[in-house]
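Hi everyone, thanks for making time this morning. I'd like to walk you through one model, starting with a single side chain and then stepping back to the whole fold.

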Amino acid sequence: MEMDFKLFQDAYWKLKINGEPGRDIFEDLLPFIQKLDPVKDHDIFYPQGIFNQKELNLFFVTKFTVTMIEVGNSSRITTWKTKEISSCELTTIDYYEAQLKINFKDGNAIELNSKSDTSHTWSSKFKEKILDIYKILNF
């Protein structure tokens with residue numbers, strides 16, 4: 001089973017985000033973000049922080065954009081065009097862990113880590129997602 005956006009939408013109500021029930025946050029947020037083109041047309045969905053009961057960032061990646069939604073009481077949505085990427089650094093650590101640092105020309109950076117971004121159960125699947133993100137952004 002893959003953690004895609006459909007599965008996320010079916011299970012968000014079980015999540016805790018910064019100790020708060022996910023249901024409370026997503027009731028208003030989900031209908032709004034479902035209308036956004038980067039969400040509707042994404043190739044890869046990466047929910048950073050899922051199952052950690054801490055911060056949650058939702059990434060929607062296409063060949064042309066990287067969209068990050070910082071989930072909270074006041075959620076923030078940022079989209080970068082892939083032509084704004086200055087470099088991608090991929091580090092494979094072991095069977096379960098890979099890290100990807102995406103550096104943007106504006107000085108911002110995104111860091112993904114398959115081990116710390118989710119529970120142990122999902123870390124190998126998140127490693128595959130990180131490798132897929134690296135491929136789509138670099139080829």
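First, a term we need: a polar contact here is a pair of N or O atoms within 3.5 Å, where, within protein, one must be able to donate a hydrogen and the other to accept it. And please keep in mind that this is a predicted model.

Now, please find lysine 129, which sits in helix H4, residues 123-138. Is lysine 129 buried or exposed? Its relative accessible area is 5%, and since buried means under 20%, lysine 129 counts as buried.

So what does the side chain of lysine 129 meet in there? One of its polar atoms lies 3.1 Å from the backbone oxygen of methionine 3. There is also a distance of 2.7 Å between a polar side-chain atom of lysine 129 and the backbone oxygen of phenylalanine 45. Leaving aside residues up to four places away in sequence, lysine 129 touches Glu2, Met3, Ile44, Phe45 and Tyr46.

Let's step back to the whole protein. You'll find 4 helices and 9 strands, and along the sequence they run α-β-β-α-α-β-β-β-β-β-β-β-α. The radius of gyration is 14 Å, close to the 14 Å that the globule rule gives for 139 residues, so the protein is as compact as a globular protein of that length. Of those 139 residues, 42% count as buried.

Last, the charges: there are 18 positive and 21 negative side chains, and the centres of the two sets lie 2 Å apart. Thanks, and I'm happy to go back to any view you like.

Note on methods:
Residues numbered from 1 in each chain as written. Predicted model: local features only at pLDDT ≥ 70, side-chain atom pairs only at ≥ 80, totals over all residues. Heavy atoms only, no water. Helix = DSSP H or I, 4+ residues; strand = E, 2+ residues; numbered from the N terminus. Rg over C-alpha atoms; globule rule 2.2 N^0.38 Å. Buried < 20%, exposed > 50% of the residue type's maximum accessible area, 1.4 Å probe, protein only. Lys, Arg positive; Asp, Glu negative; His and termini not counted. Charge placed at Lys NZ, Arg CZ, Asp CG, Glu CD. Contact = heavy atoms within 4.5 Å.
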